[in-house]
Amino acid sequence: MTARRVRCVVESMNYSACGMVPGDAFEVDADGLRITQGESFCYFAIANVLPILQGRLDTDDVDAWLATRPVMLCPDPPEGLRMRLEAVTNIDSPEHAEEAS
(Lines give C-alpha, C1' and ligand atoms only; values in the text may rest on other atoms or scores of the structure.)
Protein backbone atom coordinates (compact mmCIF):
# COMPACT_ATOMS: atom_id res chain seq x y z
CA MET A 1 0.00 0.00 0.00
CA THR A 2 1.27 3.46 -0.88
CA ALA A 3 1.67 5.89 2.01
CA ARG A 4 -1.12 8.43 1.90
CA ARG A 5 -2.03 11.53 3.81
CA VAL A 6 -5.63 12.66 3.78
CA ARG A 7 -6.77 16.12 4.82
CA CYS A 8 -10.25 16.76 6.21
CA VAL A 9 -11.23 20.44 5.86
CA VAL A 10 -14.32 22.17 7.26
CA GLU A 11 -16.15 23.43 4.20
CA SER A 12 -19.35 24.92 5.62
CA MET A 13 -21.72 24.79 8.59
CA ASN A 14 -24.85 26.31 10.06
CA TYR A 15 -22.98 26.98 13.32
CA SER A 16 -20.36 25.22 15.41
CA ALA A 17 -20.88 24.25 19.03
CA CYS A 18 -17.15 23.42 19.15
CA GLY A 19 -15.93 26.78 17.80
CA MET A 20 -14.74 25.52 14.43
CA VAL A 21 -14.69 27.74 11.35
CA PRO A 22 -14.48 26.98 7.62
CA GLY A 23 -10.90 26.11 6.74
CA ASP A 24 -10.13 24.28 9.99
CA ALA A 25 -8.54 20.95 9.16
CA PHE A 26 -6.86 17.81 10.37
CA GLU A 27 -4.79 15.23 8.51
CA VAL A 28 -4.47 11.48 8.83
CA ASP A 29 -1.57 9.34 7.64
CA ALA A 30 0.15 6.09 8.59
CA ASP A 31 1.73 7.82 11.61
CA GLY A 32 -1.58 9.04 13.02
CA LEU A 33 -3.66 12.19 13.34
CA ARG A 34 -2.22 15.68 12.81
CA ILE A 35 -3.76 19.02 13.74
CA THR A 36 -2.09 22.38 13.15
CA GLN A 37 -0.20 23.36 16.28
CA GLY A 38 -2.28 25.59 18.55
CA GLU A 39 -5.54 24.66 16.81
CA SER A 40 -8.30 22.32 17.89
CA PHE A 41 -10.86 20.20 16.07
CA CYS A 42 -14.12 18.70 17.33
CA TYR A 43 -13.47 15.14 18.43
CA PHE A 44 -17.03 14.10 17.45
CA ALA A 45 -16.31 15.19 13.88
CA ILE A 46 -12.95 13.38 13.91
CA ALA A 47 -14.63 10.26 15.31
CA ASN A 48 -17.11 10.35 12.44
CA VAL A 49 -14.39 10.51 9.77
CA LEU A 50 -11.79 8.04 11.06
CA PRO A 51 -13.79 4.80 10.60
CA ILE A 52 -14.60 5.73 7.00
CA LEU A 53 -10.94 6.43 6.25
CA GLN A 54 -9.85 3.21 7.94
CA GLY A 55 -12.24 1.24 5.78
CA ARG A 56 -11.35 2.95 2.49
CA LEU A 57 -7.61 3.56 2.57
CA ASP A 58 -6.82 -0.13 2.10
CA THR A 59 -9.08 -0.61 -0.93
CA ASP A 60 -7.96 -0.86 -4.56
CA ASP A 61 -10.02 2.18 -5.62
CA VAL A 62 -8.82 4.57 -2.89
CA ASP A 63 -7.16 6.98 -5.34
CA ALA A 64 -10.31 7.23 -7.46
CA TRP A 65 -12.41 7.69 -4.31
CA LEU A 66 -10.18 10.49 -2.96
CA ALA A 67 -10.15 12.16 -6.39
CA THR A 68 -13.90 12.76 -5.97
CA ARG A 69 -13.12 14.78 -2.80
CA PRO A 70 -15.86 13.11 -0.73
CA VAL A 71 -17.90 15.08 1.80
CA MET A 72 -18.31 13.94 5.40
CA LEU A 73 -20.77 15.33 7.93
CA CYS A 74 -20.50 16.00 11.63
CA PRO A 75 -22.82 13.71 13.64
CA ASP A 76 -24.68 16.74 15.10
CA PRO A 77 -27.41 17.38 12.47
CA PRO A 78 -28.36 20.98 13.45
CA GLU A 79 -24.74 22.13 12.97
CA GLY A 80 -24.82 21.06 9.33
CA LEU A 81 -21.01 20.81 9.44
CA ARG A 82 -19.62 19.63 6.08
CA MET A 83 -16.03 18.42 5.82
CA ARG A 84 -14.24 17.74 2.54
CA LEU A 85 -11.69 14.92 2.26
CA GLU A 86 -8.74 15.39 -0.08
CA ALA A 87 -5.47 13.62 -0.76
CA VAL A 88 -2.40 15.57 0.33
CA THR A 89 0.18 15.48 -2.42
CA ASN A 90 2.87 17.84 -1.09
CA ILE A 91 3.68 16.14 2.20
CA ASP A 92 7.06 17.88 2.64
CA SER A 93 5.52 21.37 2.78
CA PRO A 94 6.49 23.29 5.96
CA GLU A 95 2.89 24.39 6.49
CA HIS A 96 1.87 20.86 7.40
CA ALA A 97 0.42 20.19 10.77
CA GLU A 98 2.17 19.01 13.89
CA GLU A 99 1.09 15.74 15.47
CA ALA A 100 -1.79 16.12 17.86
CA SER A 101 -0.92 15.41 21.42
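Author: In this predicted model, R84 is buried, its relative accessible area being 17%.

Reader: Why is R84 called buried?

Author: Buried means under 20% relative accessible area. R84 has 17%, so the label applies.

Reader: What makes the contact of R84 and E11 a salt bridge?

Author: The side chains come to 2.9 Å, N to O. The cut-off is within 4 Å, so the pair counts. This pair links distant parts of the chain, with R84 in strand β5 and E11 in strand β1, 73 residues apart.

Reader: Which other arginine meets E11 in a salt bridge?

Author: R82 does, at 3.3 Å, N to O. R82 is in strand β5 (residues 82-87) and E11 in strand β1, 71 residues apart.

Reader: Why is R82 called partly exposed?

Author: The relative accessible area of R82 is 33%. E11, at 32%, is partly exposed by the same rule.

Reader: How do you know that R4 and D63 form a salt bridge?

Author: Their side chains meet at 3.1 Å, N to O, and within 4 Å is what is required. R4 lies in the segment before β1 (6-12) and D63 in helix α2 (residues 62-67), so the pair ties together parts that are 59 residues apart in sequence. D63 is partly exposed, with a relative accessible area of 49%.

Reader: How many salt bridges does a search of the whole structure find?

Author: The search finds eleven.

Terms used:
Residues numbered from 1 in each chain as written. Predicted model: local features only at pLDDT ≥ 70, side-chain atom pairs only at ≥ 80, totals over all residues. Heavy atoms only, no water. Helix = DSSP H or I, 4+ residues; strand = E, 2+ residues; numbered from the N terminus. Buried < 20%, exposed > 50% of the residue type's maximum accessible area, 1.4 Å probe, protein only.
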